[in-house]
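Morning, everyone. Have a look at the structure while I talk you through it.

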Amino acid sequence: YLTDGTYGLVIFTNDHGFHVGDVLSGTVQTTLTKFQGNAELKGVTATSDGLTVSTGGTISARVLDAEGAAALTGANAGSLIKISGECTEQTTGKYYINGIQLYNSLYSYETPTVGNVYDCTGIFVMYNTYKEILPRQDGDLVPSAVTPTAVITFEDFNIEKGQNTTLAATVA
C-alpha cells in the first residue's frame, strides 16, 4: 500500500521492490483500476522510469478504540491504523481484533493466540463487506496483555505417608 496518511493505493505488482518507509516521488505511466473497493496501480516498481525512491518516511497511525474500529467504512480504505483488543477466531484460521479481520497478504505474522490482547498496526481495507487490517512488518502485531494463568504456590511442609494436607491455589 502506498499512502500519504489520508488514503492509500494498492501497488499491484509481485516483487515491486518497495519497503515500509520508502518515499516515492516523480511521474510514472501506469494503469489505475478499482478492485474490491481498493484503488490499484498496476505495473509500478521501485525501478519504474520517472520514479524516485528514498528511505526514511514515516506516517503516524490513526489510533482507534473499539468504537472507532466499529465506525470504519470503505472511505477509510488504505489508512494506516492502530487498534488494540482481544483476539478472537470466528472460523478456522481467521483471527479478529475488535471485529476487524487480520489478513496476511502483506506480511505473514505469527499465529495470534485467541483470548490475548494485541496492539495491531496496519493498513485498513474493506473486502466486500468485511473489515480487514493488513500488518506490514515485524512489530505490527504485538501482545499488549496476556491471558492470566493459574499458579499453585505453597510453603514448605513435611507430610508422612497416609497423612493429608491442603494446598492453596492463587491466580497470577
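Start with a definition: a salt bridge here is a side-chain nitrogen of Lys or Arg within 4 Å of a carboxyl oxygen of Asp or Glu. And keep in mind that this is a predicted model.

How many salt bridges does the structure hold? It holds 1. The partners are arginine 136 and aspartate 140, with 3.0 Å from N to O. That pair qualifies because the cut-off is 4 Å. Now the surroundings. Arginine 136 is partly exposed, at 22% relative accessibility. Aspartate 140 is buried, at 5%. The two get those labels because buried means under 20% and exposed means over 50%, with partly exposed in between.

Next, the strands. Four of them make an open sheet, in the order E1-E2-E5-E4, and the pairing is mixed. Which strands sit at the edges? They are E1, residues 2–3, and E4, residues 31–35; each pairs on one side only. As a reminder, strands of a sheet pair through backbone hydrogen bonds, either parallel or antiparallel.

Now go to E12, residues 130–134. E12 pairs with E11 in the antiparallel sense, over 5 bridges. Phenylalanine 124 stands opposite isoleucine 133 there. E12 also pairs with E10, this time in the parallel sense and over 2 bridges. In that pairing, glutamine 101 has glutamate 132 as its bridge partner.

On to backbone angles. Most residues other than glycine have a negative phi. So which residues go the other way? Aspartate 15 has a positive phi of about 55°. Aspartate 15 sits in the loop between E2, residues 8–12, and E3, residues 23–26. Its relative accessible area is 77%, so aspartate 15 is exposed. Asparagine 98 has a positive phi too, about 50°. Look for asparagine 98 in the loop between E9, residues 94–97, and E10, residues 100–102. Asparagine 98 is partly exposed, at 25%. Then there is asparagine 128, with a positive phi near 55°, in the hairpin of E11 and E12. That hairpin has 2 residues between its strands.

Now the largest pocket. Its volume is about 1,400 Å³. The elements giving two or more residues to the lining are E1, E2, E3, E5, E9, E11 and E12. By class, the lining has 25 nonpolar, 15 polar and 6 charged residues.

Last stop, threonine 73. Threonine 73 is in the loop between helix H1, residues 66–70, and strand E8, residues 80–91. Is threonine 73 buried, partly exposed or exposed? Partly exposed, at 40% relative accessibility. What does threonine 73 touch, leaving aside its neighbours within four places in sequence? Its contacts are Phe124 and Met126. Histidine 19 is another matter. Threonine 73 and histidine 19 are 54 residues apart in sequence and 26 Å apart in space, C-alpha to C-alpha.

That's my tour. Over to you for comments.

Technical notes: Residues numbered from 1 in each chain as written. Predicted model: local features only at pLDDT ≥ 70, side-chain atom pairs only at ≥ 80, totals over all residues. Heavy atoms only, no water. Pairing = 2+ DSSP bridges. Helix = DSSP H or I, 4+ residues; strand = E, 2+ residues; numbered from the N terminus. Buried < 20%, exposed > 50% of the residue type's maximum accessible area, 1.4 Å probe, protein only. 1 Å grid on protein atoms, 1.4 Å probe; cavity = no way out; pocket = protein on both sides within 12 Å on 5 of 7 lines; lining within 4 Å. Points joined across faces, edges and corners; volume = space filled by probe spheres on them. Nonpolar A, V, L, I, M, F, W, Y, C, P; charged D, E, K, R; others polar. Contact = heavy atoms within 4.5 Å.
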